Amino acid sequence: MSAALNPKRTVAELKELRALTADENGAQRVAFTKTWVATRSWLRQKLEALPVEIHTDAAGNLWATLRGGSERELLIGGHMDSVPNGGWLDGCLNVLAGLEILRRINAQYAGKPPVTVRLVDWADEEGARFGKSLFGSSACAGSLNMEEARRLKDKEGIGLPEALQDVGVDFEHVKESGKELKNARAYLELHIEQGPVLLDLDLPLGAVLGTFGVERHAITFHGQAAHSGSTPMNRRKDAFLAAAKMSPEIYQIASKGGVCTIGSCTTKPGIVTSVVEECRITLDQRHLDASTLARMLQEAKEASARFAREGTVKVSWDRLWQIEPVLFNADLIRMCCEAIEETCGKGHRLPSGPLHDAAEVARAGVPAVMMFVQSLHGISHNKIEDTKEEHLELCVTAFDKLAEKTMAWLARRAS
Ligand SMILES: [Zn+2]
């Protein structure tokens, strides 16, 4: 029986969604708002045309389940929410591609695939309103910090628990959504790359190896304030000089395939007529390999101590945030590459700089993988975010092949 996959329909539905939820500044599907609720009912309507069970879990994630011959589940996940003034593809591309794949599987297997297939729309992936990304997936995966999340407030002073109540979610019970993963055996997520790697290689699709680990620190150099006119250059304890030397150094440190960013620099007293007494910079370092990331951090610490010594100033470090790299499943990565090669000849393996829901699911122990499709301009979280329509169609086709391979993989592992 020929499969009924129609990638053009996905592109048409993405445009339909854009017409419904974007204004002249971009997508406005911010989680827990009216537009988001409207987005969800639009999606539900589409899903109701299929013989799937639809429900919202304890964390507000929307699930559509097509029961198969086995209880073992293949999950396809994404997010319908966007940042304010967001792009038309971030998150929803995956959900709508997943919808199309559900239609194909339902048609091909006459409503009864070999394994159970579920589509999940995670709640509040972006964290745009409360500053906490991956809310729904981290609640489901069990890694959500309840103390921290309970205290989150938006710009108007509305707390996260209150906002959740408005959409029928009881904050204190969000982790009960964890039971949704009980039979999950594989998780697939398709996403726009949001960076320029595939664009620069002129390739439409890539298989994602995992998400970067992150080390985020504040580094403070302590010198001595002194008059800018009366203090000779050789008598200064210039905190800024030591901090400034870190700038070329991080390009050296990042040459191992990671990234390093000094995103902020503040000086005290911060006036034009004084040598800098105190200079605080922030350092964000990311790499896919935990030991390389640890070495990058060590090198930055050693460099800061060296520059402090050279300038007779002191240096101190504070960790702001940290997360380990999350590696995706090797079998799924291989199948993802095969699906890409069968669809468009050549693929590429790449890490993800941004975090995604897939990282939370993988941390919960479910084998996971992501597929990236090229982003034009390498830009996202912006209304100019875009991908060529032919690439959108290719990614739906390749992602569908990956879903089919994964179902066969799950069926094989069960026997
Ligand atoms: Zn996203």
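Biologist: Is His79 buried or exposed?
Modeller: This is a predicted model, where local features need pLDDT of at least 70, side-chain atom pairs count only at pLDDT 80 or more, and totals for chains, interfaces and linings use all residues. Residues are numbered from 1 along each chain as its sequence is written, and side-chain values use heavy atoms, with hydrogens and water left out. Buried means under 20% relative accessible area, exposed over 50%, and partly exposed in between (1.4 Å probe, protein chains only). His79 has 0% relative accessibility, so this residue counts as buried.

Biologist: Which residues are the protein donors of the zinc ion?
Modeller: Donors are N, O and S atoms within 2.8 Å of the metal (3.2 Å for Na, K and Ca); water is not among the atoms, so sites may look incomplete. The protein donors lie 2.0 to 2.2 Å from the zinc ion. They are His79 (NE2), Asp90 (OD) and His191 (NE2).

Biologist: How are the donor residues of the zinc ion spaced in sequence?
Modeller: The donor residues include His79 and Asp90. Their spacing in sequence reads H-x10-D-x100-H.

Biologist: Is Asp90 buried or exposed?
Modeller: Asp90 has 4% relative accessibility. That value makes Asp90 buried.

Biologist: How many disulfides does a search of the whole structure find?
Modeller: A disulfide is a pair of cysteine sulfur atoms within 2.5 Å. The sulfur of Cys344 has its closest cysteine sulfur in Cys395, at 9.9 Å, too far for a bond. Cys344 is partly exposed at 24%, whereas Cys395 is buried at 0%. The number of disulfides found in the whole structure is zero.
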